[in-house]
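I opened this notebook to keep track of what I looked up, one topic at a time. The entries follow the order in which I went through the topics.

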Amino acid sequence: MIGGGRYSDDFNFEGQVHLAFLRSPYAHGRITGIDIDAAKAAPGVLGVFTGQDMEADNVGRFETDIPLTELDGTEIFKTRRPALPTDKVRLAGEPVAVVVAETAHQARDAMELIDLQVEELPAVVTSLQAVAEGAAAVHDEKPDNCALHWENDTPDAYDAAAAKAHKIVKIELINNRVMPVPMEPKCCIAQVDDETGRMTVYAPFQGGRRVQGAVADFLFGGDGDMVRHISDNTGGGFGTRSKVYPEIIAICYAAKKLGRTVKWLGDRSETMVSDYHGRDQVNRAELAFDENAKILGYRLETLTNIGAWVTENGARLAIDGGGRILGGCYDIPVLYYSCRNMMTNTVSTDTYRGAGRPEANYIVERLMEKAARELGIDSKELRRRNFITTFPYTTQMGMKVDCGDFAACMDIALKEADWNNFEARKKESAARGKLRGFGLASFVEGAGGRPEELMRVRFEEDGSVNIYCGTFSHGQGHATVYSQILSDKLGIPFDSINLIQGDTDTAPAGASGTYGSRSSQMGGVAILRASDIIIEKGKKIAGHLLQAEADEVAFEDGNFKAREGSVTMQEVARAAHDPARLPDGLEPGLDETYHYKRPGGRTDQSFPNGCHICEVEVDPETGSVELLAYSAADDCGTVLNPLIVHGQVHGGVAQGIGQALTENLVYDEETGQLLTGSFMDYAMPRAKDLSDIKAEFNPIPSTNNELGVKGAGEAGCCGAPPAFVNAVLNALEPLGVKHLDMPLTPNNIWHAIHGAKNEGGPA
Amino acid sequence: MYEFNYHRPKSLDEASSAAKDAEDRKILAGGMTLIPSMKLRLAAPSDLIDLADVDGLKGITVGSDTVTIGAMTRHYDVQTSADVQKAIPALAALAGGIGDPSVRHRGTIGGSVAHSDPAADYPAAVLGLDATVKTDNREIAADDFFTGLFETALEEAEIITAIEFKIPDAAAYIKFPQPASGFALVGAFVAKFGGDVRVAITGAKDCVFRVTEMEQALASNFSPDAIADIQIGDDDLLADIHCAADYRAHLVTVMAKRAVAQAAG
């Protein structure tokens, strides 16, 4: 660590001014007035703007572009969020006005002088409250609070399968709401060029095209050329930094209006009340089994809390995200899936590492564990009987899972976890008064996201090679992996390759970003394909240099070889910049952009999978859980760089254990105030909460891309929560505890034990 | 942070008069809670009187029966004091478990005791070790000092100068941390003075308190079993998203038992 990074707040400009947000202290209410006179007159204040100002200036709105419909064709409810609201406040912390002043302190002081008048309305906080009869309406136009009730089909087919079942196993679960918590808080600087009016936006982001597009749409009539986005470093993404927030629009608006460089650094509290959250589902699920414990059908009803506004992805996470792999690793012949996206007076939920797949895997893995108990079969055996073994396998949701060997992953993980000696370890724990548990989860996820990406590879005159991209590495090591791919392919020195990212002026037009575990499988392939074009052009140049026809030149190990003689890639690149050494009609330079479109589109993603195992110890006296050992066997396809993929597995596991053990985002259910608004109450997992993580790979190359990679970033948080909870349930089995909901805090565990005892203890 | 007047007196007299003259003063004694509260604009004193340069408020003196710690002594200095470790090892251990290293290098015993945070560690030691709180104009017995949520017997503008702890025959402090903040959900300080035992609990109510039923049981039998069946009522216990009242009541017994086991061991 040398402190060489440059985050958005590290940018400072002469003459920059500062902005503060007035945020609603109420979760729900009608705005009856916003008096800004005192704020406007305060020292140093340059401007105060509200939603009405933005409306008067025809600033755009956040459009809902989700092509999902209900069974009868009803479209999703479109909330059309303005950056600052004019009619109602719909969540505590919602920005309602901005103040720009010479200093940040002046802006904040003036902000406190704004008189926001609100006629309070009852707050709807949980999805269960939102769906209840007589609940207040978050949006007057949608009194039932349901933005979309999506179903894959009518329940008839499932009901018919269930009628023939030998056993039906049911479960009700909570996928707890969590906060993504990037280390870098929200920050944005908007700068307007005096002469051209072009705007440059500095903000932490996972791929600036979205910022560019949104700011252009809201403020420049859709003219993307008028907006540039820059982020040198971004301190954590996790999905939450792939979103354009209202704050960014309001800051850009103020900068444009005032013609000044406007800077805003959100503090941790502001970041926590306004960053989109993750998860938050209530699930009711059942599996129907035949007499051989084979699954006949799966029924899942989900209530998901999408918050006050329908965002870019919020309402599709449980459907397009989790739906990719709804039944996990298992052959599900019949499915009924109902998902009601409920609007509440809370922050929106949107993509957070895994984005629907952790929730889906959690449900089915909890259900399989419960089924094993109820069917009296070993849970590993139950899984084996139901694993998908024939590929490609098309799921009930239409996804084409191309390959995998789920049983092999389980075998590797069991060996890693030393399952055969677990009983001896359990006895040793019991001798110390502790309860030891062993829990396993097999999982699969669907990775790749948007099925197209662009990459530009350019040989510079000094012999270096630049990769220009729209993907964005904020800790994933793209510079290493992309350079590896290019170095291997073209036989050029690794050190001669540079990654140019974080600037929409240099990214290829149409390039996307980093999310959905897609950068290697999309960006990496695009680099490979751009290299192919470079090789073809190189053959023409090499042929010219070697006095051979281009089709007689072969490229191998960094050398272009003709019948007589050969030239290196670098020699060809040098020649490419010298028109005198080029064949007639050939453009100088080696500079190619490839627009890669994944052949199968949405359904042919890659399917990372694996088996994760937790071994835990519970102190029955306090309810404390200690994670003793974590064993992961992952099939991320071809592993391009083991160190980096291990890092991805570790990070995902840590966030998964966070959700399962410590993290829980809590709003007051009456007032809608965020109760976990600081790290004093929101419990991030700490090093002491984790154990060593053993991770092995079972690489089965994806058939959906020529690198064979599957994406590794989100697997860990799919495997960890069910493995962990299943382990604790296993530990508590002797006490008669049959059910737990995350997070497994000491308070929750103690109450589960206590409750079980109250019911008379083990049956 | 709002504007305020900053005072940095050199003597206790100077500090006392600055405190008395101020309209709405706060005594700055490390500032591990006060400064973040001010930054969040939750606290807005008109005057801040920083005791950092006041003579005679730092240091540890060990007598035959007492350990006296100056109010501005940092947690780290108590934690690593060979004298404290020898005289009252439980007190050194408690200091070493407060917050994190940066807090232990800035926070002071006087600041912690004056603040009377319901989940702070030091109040448990003050009450458990039958300490005397010395101020710029009097001495206050621990039993009279802590009066409520962030409330003490201190008058407006009264400044703690030192805490005098009695040296016990045996003592231990065990806490159960809140998962996010690390503060005590429940902390139990148990101390044995000849035939007398004191059990002080922090984290569970508005302020630190003693459990006399446990003290009596332990006086005749200083072992965890003696208090295993004593559970305090949960009517006036704190309840929050991290810990329900019934669980807190249970933790009081478990932490006290564990403290007794450690003190006896």
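**Entry 1: a loop in chain A.** I began with A:Gln547, which lies in the loop between α15 (519-546) and β22 (554-556) of chain A. For these labels, helices (H or I, at least four residues) and strands (E, at least two) are DSSP runs, numbered from the N terminus. Is A:Gln547 buried or exposed? A:Gln547 counts as exposed, because its relative accessibility is 78%. The classes I use are buried for under 20% relative accessible area, exposed for over 50%, and partly exposed in between (1.4 Å probe, protein chains only). I also noted that A:Gln547 is not a glycine and yet has a positive phi of about 55 degrees. Most residues other than glycine have a negative phi.

**Entry 2: ground rules.** The model is predicted, so local features need pLDDT of at least 70 and side-chain atom pairs count only at pLDDT 80 or more, while totals for chains, interfaces and linings use all residues. Residues are numbered from 1 along each chain as its sequence is written, chains are lettered from A and ligands numbered from 1 in the order in which they are written, and side-chain values use heavy atoms, with hydrogens and water left out.

Entry 3: In chain B I looked up B:Asp130, found in the loop between α8 (122-128) and β6 (132-135). Its phi is near 50 degrees, a positive value in a residue other than glycine. Then I turned to peptide bonds, most of which are trans. A:Phe391 and A:Pro392 are joined by a cis peptide bond, with omega about -5 degrees. A:Pro392 sits in the loop between α11 (379-386) and β16 (393-394) of chain A. A cis bond also joins A:Met742 and A:Pro743, with omega about -5 degrees. The loop that holds A:Pro743 runs between α18 (716-732) and α19 (746-758) of chain A.

**Entry 4: a sheet of 4 strands.** In chain A I followed an open sheet with the order β18-β26-β27-β28 and mixed pairing. Two strands pair if DSSP finds at least two bridges between them. Which strands stand at the edges? They are β18 (435-444) and β28 (693-697) of chain A; each has a single partner strand, so one side of each is left without a neighbour in the sheet. From one strand to the next the twist averages 15 degrees. Axes are lines fitted to C-alpha atoms, for helices over the stretch in contact, and angles run from 0 to 180 degrees between N-to-C directions.

Strands β26 (residues 609-619) and β27 (residues 624-635) of chain A run antiparallel and are joined by 11 bridges. A:Asp619 has A:Ser624 in β27(A) as its bridge partner. β27(A) and β28(A) run parallel, with 5 bridges, and A:Ser631 has A:Lys694 in β28(A) as its bridge partner. With helix α17 (residues 642-662) of chain A, β27(A) and β28(A) make a right-handed β-α-β unit. Right-handed means that, with the strands pointing away from the viewer, the path from the first strand over the helix to the second runs clockwise.

**Entry 5: where the chains meet.** How many residues does each chain bring to the contact? Chain B brings 23 residues and chain A brings 22 residues, contact meaning heavy atoms within 4.5 Å. The two chains bury about 1900 Å² between them, 51% of it on carbon and sulfur atoms. Buried area is the accessible area (1.4 Å probe) that two parts lose on being put together, summed over both. B:Arg41, B:Ile241 and B:Tyr247 supply 29% of the area that chain B buries against chain A, more than any other three residues.

I counted 5 salt bridges between chain B and chain A, a salt bridge being a side-chain nitrogen of Lys or Arg within 4 Å of a carboxyl oxygen of Asp or Glu. B:Arg41 forms a salt bridge with A:Glu112, the closest N and O atoms being 3.0 Å apart.
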